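Welcome to this short tour. Open your viewer, keep the selection tool at hand, and follow along stop by stop.

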Amino acid sequence: MATPNTKRKRLIEKSLPPKIESYIPESRLFMQLQALERKLDSKIVRKRLEVQEALGKPVSKKRILRIFVSNLAANQQSAAVPMYDTDAETREAKLDMGEAPSWTLRVEGRLVDPVGATWKTRPPPHKFSEFLNSMVVELDRDPELHTDNVVQWRREAAESDVDGFEIKRRGDEDVRARIMLDIRTATDRFKVSHPLLRELLDIRGTVSKAGFIMKLWQYVKLNGLQDSDDPDHIRCDVGLQQVLGMPSVSFTAIPQMLHVFLTRPDPLVIDYTVRVHSGDFHMGQYAFDMEVEVEESLRQSTGPLVNVQTRQRELGEIESQLALKMQEIHNARSKRDFLRSFSEDPVAFVHRWIDNQTKDLEVILGDRRHALEAALGAIMTADSMVQELSAERKQALEHEATKWLNDSALYDEPWADEAVFHYLSAKTQERMQQLLQQQQYQQQQHQAPGMM
């Protein structure tokens, strides 16, 4: 049985013997299946690498942000009787009671749902302030009477996002407001400030730095402006000479020149009039749609590739179970061959088994068969029925064994000297013991008459 640390071979790493095809013609399908599995594995590995590379990149999708501007009015007088026409005591009393006329300007926004979206497939909601870097509201009021005509909001790191903004002021007159929104994008986008360069590169709206360089490279390739002797240099045509002011430029120097042509995009400007005499609520006539970039979940965007990656562990477990079953089949086949060989010829099987075990023991111990073991092995090999031999045949076999021992170089090996040394040492010790015993016996014989 395979140990836990044994590396199991996969099915595509196994090969069938050529003779199998003659017995089982369908085995050719297994080889074709192996080739197909290798191709499939290579494609899966490539797709897995693409998914891992995409994990480190933000995934964004363009959506439409719809912006609404409205206002509320409270405690307003009739247009025919404005507040400043009332007497001072009446105005002070209303102010003390908290009934001063006021209005509230609202700026709200939400993402437009994609076409065909349902409540199950609808993307997760986003807050309006997630798409803003800053907002500035300028109120057209008399600066001598009102000092809070400019309201600013800028994104802070620890600030939570909101669905909209409200600006509340006192007053009973219509006020014109100028709302400037700096839209936030996932990638920094810029406006090309040079009009001729925008026309040459066919740039409409904002563009990223990478997109600007790509547009410029496409223009160079389309007009053949790359120098044939030095590919890093660009030979400027008439239009580029007017923009750059030089006949040629190095392509590596263009990223350093970007700040001259790229500026921050203009903010979205909304003009709105706060109306206080048209009811308690008033909404602008138009809504404003703005294209924004929304980061989406990678699991939703990758589709079936994620399912393949999640099932990789299940596929590995199935392959491990297949390897265990194949190992069990191999062990059962070895056991069957062992028992079948024993049943067909038990005597020959036992002799082969003993011989194999003897060879394995020699390999483990690093030793060789000596003297009598070698002789008996030669006798048993010559005739397996040694017990039924006649006396003449036994003498002949003993003579052959003695001749084999005398003629062979068995006793010339290094182990013979060591064996003789140990044999002589044992004999010397045995002789010394005999001498000591004789000496003690003689001493006892001499002492015995004197005692009597």
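Start with the lining of the second largest cavity, which has 1 nonpolar, 1 polar and 4 charged residues (Ala, Val, Leu, Ile, Met, Phe, Trp, Tyr, Cys and Pro count as nonpolar, Asp, Glu, Lys and Arg as charged, and the others, Gly among them, as polar). Select Trp153, Arg155, Glu156, Glu159, Ser160 and Asp161 to see this lining. The cavity has a volume of about 30 Å³. A cavity here is a set of points on a 1 Å grid over the protein atoms alone where a 1.4 Å probe fits but cannot get out, and lining residues have an atom within 4 Å of a point. A volume is the space filled by probe spheres set on the points, which are joined across faces, edges and corners.

A note before moving on: this is a predicted model, where local features need pLDDT of at least 70 and side-chain atom pairs count only at pLDDT 80 or more, while totals for chains, interfaces and linings use all residues. Residues are numbered from 1 along each chain as its sequence is written, and side-chain values use heavy atoms, with hydrogens and water left out.

Next, go to the largest cavity, with about 110 Å³ of space. Its lining has 12 nonpolar, no polar and no charged residues; select some of them, including Leu197, Phe212, Ile234 and Phe261. Then colour α5 (209-223), α6 (238-244) and α7 (258-261), each of which supplies at least two lining residues. Helices such as these are DSSP runs (H or I, at least four residues), numbered from the N terminus. The largest share of this lining, 3 residues, comes from α6.

Terms used. On a 1 Å grid over the protein atoms alone, a cavity is a set of points where a 1.4 Å probe fits but cannot get out, and a pocket is an open set with protein on both sides within 12 Å along at least five of seven lines; lining residues have an atom within 4 Å of a point.
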